[in-house]
Amino acid sequence: MKVVIDGHSGCCNGVRKAISAAEDYLDAHGKLYSLGAIVHNDAEIHRLEAKGLRTIGYSDFPALKGSAVLIRAHGEPPSTYRLAEQSGVKLIDCTCPVVLALQKKIAAEYHKLAGEGGQVVIFGKSGHAEVNGLVGQTEGHAVVVENMADLERCLASGAVDPSRPLALFSQTTKDPEEFSALAVRLRQEAPALEVFDTICRNVSSRHSALREFAAACSVIVFVCGRESSNGKVLFELCRCVNPRSYKIECADGLPSGIFRPDDVVGVCGATSTTRWQLEDVAAAISRL
């Protein structure tokens, strides 16, 4: 049996920089607060908690005057920065540069469309931290659609009104093909639709690379946290290409009896999966 780790898997640049910033601060000060989970990955969170990281929510701000709070790579809406200032909290802003650029684009387009009676539509997961930050750039007025069926419902109900000027954006980690299909469908109703392809290129390139990797292996072990939105998308991609695909959170979750002596086992993961986790799982498989 041969075990191969996907060279394109592992934390994206934004998440990696946030983790590195947290580690540097913890090494110097011993305690740091993170507004929400720094990464959708329980194993990595537990590792950072052992170094002094504590996850908090908005309601904790008033009690943290003078403390440092990390803004994770997903970013935050403008209201969070106002709350931090009111609470006397120091922010360590680790918003991914790609997400930050997207926030600025959406804010600019929203203010432009507001004068024209237009709408901003965002393809993303409702309630996701990044999407909450994006919606916040529109003062809460953007319409979020999660998939094609959701778009059809919004068109039917009038929540998305094609008679108005429309601008379509995407959460940075969504499937490029699904975004393209949504754009085509919406443009059928609104020919003047402005489409902004705001999917992270580092993330979108993983889709094609992962398809090739999954097809080249006889079995896939996909490592990611249960809350990872990106992980769910990428795992389904693997499973469509290779039916012998299994999703686990850590080496302890490896199913028994799934490997054959002549298997080429591919180990891969989400943009929130650390390299050390991929290596840990690969080593565990090699010991079987």
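Analyst: Helices are DSSP runs of H or I with at least four residues, strands are E runs of at least two, and both are numbered from the N terminus. This is a predicted model, where local features need pLDDT of at least 70 and side-chain atom pairs pLDDT 80 or more, while totals for chains, interfaces and linings use all residues. Residues are numbered from 1 along each chain as its sequence is written, and side-chain values use heavy atoms, without hydrogens or water.

User: Which helix gives the most to the lining of the largest pocket?

Analyst: Take the terms together. On a 1 Å grid over the protein atoms alone, a cavity is a set of points where a 1.4 Å probe fits but cannot get out; a pocket is an open set with protein on both sides within 12 Å along at least five of seven lines; lining residues have an atom within 4 Å of a point. Here α1 gives the most to the lining of the largest pocket, with 4 residues. Helices α1 (13-29), α4 (97-114), α8 and α9 each supply at least two residues of that lining.

User: What is the volume of the largest pocket, and which residues are closest to its centre?

Analyst: A volume is the space filled by probe spheres set on grid points, which are joined across faces, edges and corners. The largest pocket comes to about 350 Å³. It is lined by 26 residues, and Cys12, Val15, Ala73, Thr172 and Thr173 are the closest to its centre.

User: How many cavities of 30 Å³ or more does the structure hold?

Analyst: The count is 1. The largest cavity has a volume of about 30 Å³. Its lining consists of Asp6, His8, Ser9, Arg206, Leu210, Leu234 and Gly269.

User: How do I read a helix span? What is it for α4?

Analyst: Expect 1.5 Å times one less than the number of residues. Helix α4 has 18 residues and should span 26 Å; its end C-alpha atoms are 26 Å apart, which agrees. In α10 (residues 275-286), 12 residues reach 17 Å from the first C-alpha to the last, close to the expected 16 Å.

User: Which residues of α10 are buried?

Analyst: Buried means under 20% relative accessible area, exposed over 50%, partly exposed in between (1.4 Å probe, protein chains only). In α10, the buried residues are Gln277, Leu278, Val281, Ala282, Ala284 and Ile285. They cover an arc of only 160 degrees around the axis, which puts them on the same side of α10. That arc is taken over the directions from the helix axis to the C-beta atoms.

User: What do the buried residues of α10 pack against?

Analyst: Count contacts as heavy atoms within 4.5 Å. The buried residues of α10 pack against strands β1 (2-5), β10, β11 (245-248) and β12 (264-269), plus helix α2 (42-49).

User: And α4: which of its residues are buried?

Analyst: Val99, Leu102, Gln103, Ile106, Ala107, Glu109, Tyr110 and Leu113 are buried in α4. Their cover includes β6 (119-123), α5 (129-136), β8 and β9.

User: How many aromatic pairs are there?

Analyst: There are 3. Rings of Phe, Tyr and Trp (its six-membered ring) pair if their centres lie within 6.5 Å; planes under 30 degrees apart are stacked, over 60 edge-to-face, the rest tilted. Phe169 and Phe196 are stacked, at 4.5 Å centre to centre and 5 degrees between planes. Phe169 lies in strand β8 (residues 166-170) and Phe196 in the loop between β9 (194-195) and α8 (201-216), so the pair ties together parts 27 residues apart in sequence. Phe169 is buried at 0% relative accessibility, whereas Phe196 is partly exposed at 23%.

Another pair is Phe222 with Phe235: ring centres lie 5.9 Å apart and planes at 55 degrees, so it is tilted. This pair links distant parts of the chain, with Phe222 in strand β10 (residues 219-223) and Phe235 in helix α9 (residues 229-241), 13 residues apart. Phe222 is buried at 0%, and Phe235 is buried at 6%.

User: Now the loops. Where does Asn41 lie, and what does it touch?

Analyst: Asn41 sits in the loop between β2 (32-35) and α2. Asn41 is buried, at 3%. Not counting residues up to four places away in sequence, Asn41 touches Gly225, Ser272, Thr273, Thr274 and Gln277. Asn41 and Gly225 are 184 residues apart in sequence, yet 4.4 Å apart in space, C-alpha to C-alpha.

User: Is His128 buried or exposed?

Analyst: Buried, at 8% relative accessibility. His128 is in the loop between β6 and α5. Leaving aside neighbours within four places in sequence, His128 contacts His40, His74, Gln171 and Ser229.

User: Which phi does Glu139 have?

Analyst: Glu139 has a positive phi of about 60 degrees, although it is not a glycine. Glu139 lies in the loop between α5 and β7 (143-145). Glu139 is exposed, with a relative accessible area of 55%.
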